[in-house]
Amino acid sequence: MTTTIDPARIEEENELRRSWHEPDLAHALDVVGRAGVDGEAVIAEVARFSVAAPSWAVGTGGTRFGRFPGGGEPRTTVEKIDDIAALNALTGANRTVSLHVPWDDPGLGAGATELRAHAASVGIGFDAMNSNTFQDNPSTTRDGAVSYKFGSLAHTDPAVRAAAVDHNRYVVDLGIELGSRSLTVWLADGMNHPGQASFRGQFERVLGGLQEIYAHLPADWELYTEHKPYEPAFYSSVNNDWGTSLLLAQGTGDRAKCLVDLGHHLPNTNIEQVVSRLAMVGRLGGFHFNDSKYGDDDLTVGSIDPFGLFLIMLELLAAGGGTMPDAAYMIDESHNLKDPLEDLLQATDNIQHALAQALCLDRSALQEAQSANDPARATEVLHRAFRTDVRPLVAESRHRNHAALDPLATYRAVGYRAATIAERGSESLATGL
Ligand code: LRH
Ligand code: MN
């Protein structure tokens, strides 16, 4: 039995809020209109936008110090997709799932066909596939014949590298059967100790491996390289920053691009500038949205630095000529304290708000201030957009997608978690990180 959210229940909850939503919306449209912004265009662009939900984040994550799961969490990939369908019913903006193999592996043939059919039946498509050569799993290590302890594509042993390339080819084959069109390769490969390996040697081996994987891609697929400065390698990571990621993508092929995980930057890195650079050279492939205060904390996107997220959205709209450029937008978070679905609801809401605020920017006024070297005026223009109350516009964009005006309150009102606890039990299995 699939636990779902009845659209009629969502409409009932929206009805309860219509009496104040409509005047709020009229006021918001008036306010942005007086600032020269087409509020209807903002609503339409937010309604068009969708961000993939990660299959590994619909369960409780945890840290090495502990994991405190809530009940009713998904036990299978099918149940993860059911939860993402529930999420999408409430937001209208999580229309795809990003799978992580082998945490999710229906198998080629009938398994993949069944999973694709189930996902389609609940309105969910498949976004970028994620491979995993950062853990030793029997299905990725030729039943333990090799180990990724000292790396995978960067490993000095050709047998280990071959196994890693094979795993990635398998993930592509699975993705083809599921209707995905891209592969994200994040590598834990690196060093913990100075002198442990050759920087150049590791880089060249990884590049060679990516080229082999790329050769296996269908012509309409893209490959994303995901950089990260440290963890689990604590002296150096092979793909440590956007520069290295760009070199790897350019060396791999035209359809190889860079994926920017917001948490994969050293403190005070200007991430919006990284986005601008990668977009400028046509190598901005995708995003893993999250937020962090210190390291790769995988917290709710926009929860620590909403202005930073707004600035990133401005660079994306600049790259897209006023609308969001085609890219693989995904959330990549790990939930330790909140109900995973409530966290994903808030994450999607924060992204929608940052996008709506960025769409309220008076682009020509900013260009004028920039040409006039008038930083104070430029700041005023930015803050006017960032301080615009876009909540009614975002709520309306969801409403136009037949989703919830207030997703979190509606999620609680319809009792989805109680229903999954009744169906799945209060215990929950670790289903990923
Ligand atoms: C690595 C990462 C990567 C995923 C993993 C779940 O930190 O961001 O994108 O494979 O998290
Ligand atoms: Mn990531």
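**Pocket, sheets and manganese site**

Trainee: How many residues line the second largest pocket, and which lie nearest its centre?
Mentor: There are 22 residues lining the second largest pocket, and R391, P392, A395, R398 and L405 are the ones nearest its centre. A pocket here is an open set of points on a 1 Å grid over the protein atoms alone, where a 1.4 Å probe fits and protein lies on both sides within 12 Å along at least five of seven lines; lining residues have an atom within 4 Å of a point.

Trainee: Before we go on, what kind of model is this?
Mentor: It's a predicted model, where local features need pLDDT of at least 70 and side-chain atom pairs pLDDT 80 or more, while totals for chains, interfaces and linings use all residues. Residues are numbered from 1 along each chain as its sequence is written, chains are lettered from A and ligands numbered from 1 in the order written, and side-chain values use heavy atoms, without hydrogens or water.

Trainee: Back to the pocket: which elements give two or more residues to the lining of the second largest pocket?
Mentor: Those are α1 (7-34), α10, α13 (391-400) and α14 (407-414). Helices (H or I, at least four residues) and strands (E, at least two) are DSSP runs, counted from the N terminus.

Trainee: And which one gives the most to the lining?
Mentor: That's α1, with eight residues.

Trainee: New topic, the metal. Which residues coordinate the manganese ion (ligand 2)?
Mentor: E226 (OE), D261 (OD), H288 (ND1) and D332 (OD) coordinate the manganese ion, at 2.1 to 2.2 Å. Donors are N, O and S atoms within 2.8 Å of the metal (3.2 Å for Na, K and Ca), and with water not among the atoms, sites may look incomplete.

Trainee: What geometry does the site have?
Mentor: Octahedral, with angles of 71 to 170° among the six donor atoms of the manganese ion (ligand 2). Six donors count as octahedral if opposite ones are over 155 degrees apart and all others between 65 and 115. For reference, ideal octahedral angles are 90 or 180 degrees.

Trainee: How are the donor residues spaced in sequence?
Mentor: The pattern is E-x34-D-x26-H-x43-D. H288 sits in strand β10 (residues 284-289) and D332 in the loop between β11 (328-331) and α10 (340-359), so the pair ties together parts that are 44 residues apart in sequence.

Trainee: Are H288 and D332 buried or exposed?
Mentor: Both H288 and D332 are buried. Buried means under 20% relative accessible area, exposed over 50% and partly exposed in between, using a 1.4 Å probe on protein chains only.

Trainee: What's the strand order in the sheet of six strands?
Mentor: The order is β4-β5-β7-β9-β10-β11, in an open sheet with parallel pairing. β4 and β11 stand at the edges with a single partner strand each, so one side of each has no neighbour in the sheet. Two strands pair if DSSP finds at least two bridges between them.

Trainee: How many bridges join β9 and β10?
Mentor: Four, in the parallel sense, and L259 has G286 as its bridge partner in β10. Strand β7 (residues 222-226) also pairs with β9 in the parallel sense over four bridges, with L223 opposite A256 in β9. Another parallel pair with four bridges is β10 and β11, where I331 in β11 is the bridge partner of F289.

Trainee: How many residues of strand β9 are buried?
Mentor: Six of the six residues of β9 (residues 256-261) are buried, so this strand is largely enclosed by the rest of the structure.

Trainee: What about the sheet of three strands, what's its order?
Mentor: It's an open sheet too, ordered β1-β2-β3 with parallel pairing. β1 (53-54) and β3 (125-126) are its edges, each with a single partner strand, so one side of each is left without a neighbour in the sheet. Two bridges join β2 (residues 96-98) to β3, and V97 stands opposite F126 in β3.

Trainee: Now the backbone. Is the peptide bond from V101 to P102 cis or trans?
Mentor: Cis, with omega near 15°; P102 is in the loop between β2 and α4 (110-121). The bond from E231 to P232 is cis as well, with omega near 5°, and P232 is in the loop between β7 and β8 (236-237).

Trainee: What's the phi of D143?
Mentor: It's positive, about 55°, although D143 is not a glycine. D143 lies in the loop between β4 (129-130) and α5 (158-178) and is exposed, at 68% relative accessible area. N373, also not a glycine, has a positive phi near 50°. N373 is in the loop between α11 (363-371) and α12 (375-386) and counts as exposed at 66% relative accessibility.

Notes:
Four donors count as tetrahedral if all angles lie between 85 and 135 degrees; four count as square planar and six as octahedral if opposite donors are over 155 degrees apart and all others between 65 and 115; anything else is irregular.
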